[in-house]
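I opened this model to look up its helices, its charged pairs and its surface. My entries follow.

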Amino acid sequence: MVKSKDKGGSAMGKILLYLKTFRYDLIVLLMAFRNPRTPGFLKGAMVAALLYLISPVDLIPDAIPVLGIMDDAVLVPMVLGGILKLLPPAVRGDSEVKASRLSQHLPYVFLIASIAIFLWVVLIVWAIYSLIFR
């Protein structure tokens, strides 16, 4: 399992940990979510799992040292694995093909997104600087 660099247990740290650990499964679920043949109750379960992951309200509060993170680390992957098993075979096969294609290009997508975010930050800093020191 990938260790999180975020010791505080924040929502962003948990999200990054799950993204690293379950990257391919998450891409398959994203492709399945976008597929119109995916049943509505599975789409709802995907949204509910995401909301539970980022929600500050948990079954076991994160303030409890080990148990607080364990409910997220066990419950969310278990639900996502169940959703993957419940996907219709045609939808799952189609989603896996699309996910494998997307996985090949993912580093380039992250690089382009990082450059775009960096340029936006530079633009915002430049705008604030020009407004203050003009």
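**Entry 1: Ser95**

I started with Ser95, which is found in helix α5. This is a predicted model, in which local features need pLDDT of at least 70, side-chain atom pairs count only at pLDDT 80 or more, and totals for chains, interfaces and linings use all residues. Residues are numbered from 1 along each chain as its sequence is written, and side-chain values use heavy atoms, with hydrogens and water left out.

Is Ser95 buried or exposed? I found Ser95 buried, at 1% relative accessibility. My classes are buried under 20% relative accessible area, exposed over 50%, and partly exposed in between (1.4 Å probe, protein chains only). I then asked which residues Ser95 touches. Leaving out residues up to four places away in sequence, Ser95 touches Val28, Met31 and Ala32. A contact here means heavy atoms within 4.5 Å.

**Entry 2: the whole chain**

I counted five helices and zero strands. The order from the N terminus is α-α-α-α-α. Helices (H or I, at least four residues) and strands (E, at least two) are DSSP runs, numbered from the N terminus.

I looked up burial next. The chain has 134 residues, and 23% of them count as buried. For contacts, I took those with a separation of 6 or more; residues 24 or more positions apart account for 60% of them. The chain exposes about 9600 Å², with 75% supplied by carbon and sulfur atoms. Accessible areas come from the Shrake-Rupley method with a 1.4 Å probe; for residues, only the protein chains shown count as cover.

**Entry 3: salt bridges**

How many salt bridges does a search of the whole structure find? It finds three. The criterion is a side-chain nitrogen of Lys or Arg within 4 Å of a carboxyl oxygen of Asp or Glu. Side chains of opposite charge can pair when their charged atoms come close.

I took Arg37 and Asp94 to begin with. Their side chains meet in a salt bridge at 3.6 Å, N to O. This pair links distant parts of the chain: Arg37 sits in the loop between α2 (23-34) and α3 (40-54), Asp94 in helix α5, 57 residues apart. Arg37 is partly exposed, with 47% relative accessible area. Asp94 is also partly exposed, at 27%.

I then turned to Lys98, whose side chain meets that of Asp94 in a salt bridge (3.6 Å, N to O). Arg37, Asp94 and Lys98 therefore belong to one network, joined by salt bridges that share partners. Lys98 and Asp94 both lie in helix α5, four residues apart, about one turn of the helix. Lys98 counts as partly exposed at 35% relative accessibility.

Glu96 forms a salt bridge with Arg92, with the closest N and O atoms 2.9 Å apart. Why are Glu96 and Arg92 separated by about one helical turn? They are four residues apart in helix α5. Glu96 is partly exposed at 28% relative accessibility. Arg92 is partly exposed as well, at 29%.

**Entry 4: a nonpolar patch**

I ended on the surface. Which residues form a nonpolar patch there? I listed Trp120, Leu123, Ile124, Trp126, Ile128, Tyr129, Leu131, Ile132 and Phe133, with about 1100 Å² of accessible area together. Patches are made of residues with over 30% relative accessible area and no salt bridge: like charges are joined within 9 Å, nonpolar side chains (Val, Leu, Ile, Met, Phe, Trp, Tyr) within 5 Å.

I checked Phe133 on its own. Phe133 lies in the segment after α5 (89-132). Phe133 counts as exposed, because its relative accessibility is 60%.
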